[in-house]
Amino acid sequence: MNKYDEIMNHLKGMKPNVEDEEELTESIMASLPVFDCENCQELTEATPTYTVQAGRNITSSVIVVLRTTLSVAAVFLIGLFIWLNSGKHVSEKTEAYILTQRTEHTSHLSGIDGYSTPAELYMCYMESRRTKENSISKIRKMINEQYENN
Amino acid sequence: MKQISNDILTRCKTGDREAFRILVHTYQRMVFSLSLKMLCDEDDAKDTVQDVFLKVWQNIAGFDSRVSMSTWIYTIASHICLDKLKKKRRMSPLPDDESVFREYAEKADAQTELENRQWVAVVRILAEGLSGKQKLVFTLCQLEGLDSSEVQEITGLDAKQIKSNLYAARQIIRKRLKDMGYE
């Protein structure tokens, strides 16, 4: 038999001793909460460990919910920030149109750097609306003329 | 394994403190033994005994009489010990532990009872580097002498997992003993 088996065989048969068993039993009994057995409810006379535990559980669940909500909100905001900065929400057509309008109509307002101010953007928008209205009326006019010629 | 009578159990379920005192008296050494071997600290072990019986008292009304009381108490104790082990810093042997262990190992064949401080030193030397699960399986199987089916019930692990944890624990301990010069 090697040393491992010898030690294990020896340890297997033994249990540590509680030095003062009565004292330990008394301390356990003193720590027990009192039960109202008829209603199966605990009366808070002894150590209310379970109440503290329940309170902790509620607090921790609130923290978990709060943490989850804040994480989701943070991710959403970061996503929104990235999306807005990437400029994907502005279609290429619109962007090209704005650039054209800026050079054609509002070049006097643009700085050397070429960035638009809100006023410039507003003017571009109004210009685009006017152009659209004009083109629709031109089309109507053309249709009418064609109709009359026929 | 010690068991309490059905009469005591029924009285405990109705909140009879005197009956519960008998239950505590019957099982406190068993719980203390497991706690001391798992936590390697006498004060922590006593606190754990108190926590275990508080939990037993709070849940005894729902205890299923078909299950052995000792297995049920061992299960509660194991969970509490594992929780406490997680919160504890890594346990390393103290400088005196090796000399205590060598002294014990020299006369391990003789039927000498170990004092609690010796138990702590011996387990600290043997179980250094074991994970919580390995330590629990090793303690229950090797030191407490429980059979595999009971350990399965207590830990919730299947036979294969118990075998692998026990094998890993044995390998680590054998290596440690070899490093210390014991073959």
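Analyst: A residue counts as buried when its relative accessible area is under 20%, as exposed when it is over 50%, and as partly exposed in between (1.4 Å probe, protein chains only). The structure is a predicted model, in which local features need pLDDT of at least 70 and side-chain atom pairs count only at pLDDT 80 or more, while totals for chains, interfaces and linings use all residues. Residues are numbered from 1 along each chain as its sequence is written, chains are lettered from A and ligands numbered from 1 in the order in which they are written, and side-chain values use heavy atoms, with hydrogens and water left out.

User: Why is Arg117(B) called exposed?

Analyst: Arg117(B) has a relative accessibility of 52%, which is over the limit of 50%, and therefore it counts as exposed.

User: What makes Glu115(B) and Arg117(B) a salt bridge?

Analyst: The term asks for a side-chain nitrogen of Lys or Arg within 4 Å of a carboxyl oxygen of Asp or Glu. In this pair the closest N and O atoms are 3.4 Å apart, and because that value lies within 4 Å, the pair qualifies.

User: How do you know that Glu18(B) and Arg21(B) are about one turn of helix apart?

Analyst: Both residues lie in helix α2 (residues 17-39) of chain B, and they are three residues apart, which is about one turn of the helix. A helix here is a DSSP run (H or I, at least four residues) and a strand is another (E, at least two), each numbered from the N terminus. Glu18(B) and Arg21(B) also form a salt bridge, with their closest N and O atoms 3.4 Å apart. Glu18(B) has a relative accessible area of 47% and is therefore partly exposed, and Arg21(B), at 25%, also counts as partly exposed.

User: Why is it said that Asp51(B) and Lys84(B) tie together parts of chain B?

Analyst: The side chains of Asp51(B) and Lys84(B) meet in a salt bridge at 3.0 Å, N to O. Asp51(B) lies in helix α3 (residues 42-59) and Lys84(B) in helix α4 (residues 69-87) of chain B, so the pair joins parts that are 33 residues apart in sequence. Asp51(B), with a relative accessible area of 33%, is partly exposed, and Lys84(B), with 22%, is partly exposed as well.

User: What makes Thr25(A) a buried residue?

Analyst: Thr25(A) has a relative accessibility of 1%, and because this is under 20%, the residue counts as buried. Thr25(A) has its place in helix α2 (residues 21-31) of chain A. Leaving aside neighbours within four places in sequence, Thr25(A) is in contact (heavy atoms within 4.5 Å) with Arg21(B), Val24(B), His25(B) and Gln28(B).

User: How do you know which backbone oxygen the side chain of Thr25(A) reaches?

Analyst: The side chain of Thr25(A) reaches the backbone oxygen of Glu21(A) at 2.8 Å. A polar contact is a pair of N or O atoms within 3.5 Å; within protein, one must be able to donate a hydrogen and the other to accept it, and residues adjacent in sequence count only if both atoms are side-chain atoms. The value of 2.8 Å lies within that distance limit.

User: How do you know how much area chain A and chain B bury between them?

Analyst: Buried area is the accessible area (1.4 Å probe) that two parts lose on being put together, summed over both. For chain A and chain B this comes to about 3900 Å², with 60% of it on carbon and sulfur atoms. In chain A, the residues that lose the most area to chain B are Tyr4(A), Lys15(A) and Pro16(A), together 18% of what that side buries. The contact takes 33 residues from chain A and 49 residues from chain B.

User: What makes up the polar side of this interface, and how many salt bridges cross it?

Analyst: Across the interface the rule finds 11 residue pairs in polar contact, both residues at pLDDT 80 or more, and the count of salt bridges between the two chains is two. Glu26(A) forms a salt bridge with Arg21(B), where the closest N and O atoms are 2.4 Å apart. The elements that give two or more residues to the side of chain A that touches chain B are α1 (3-12), α2, β1 (34-36) and α3 of chain A.
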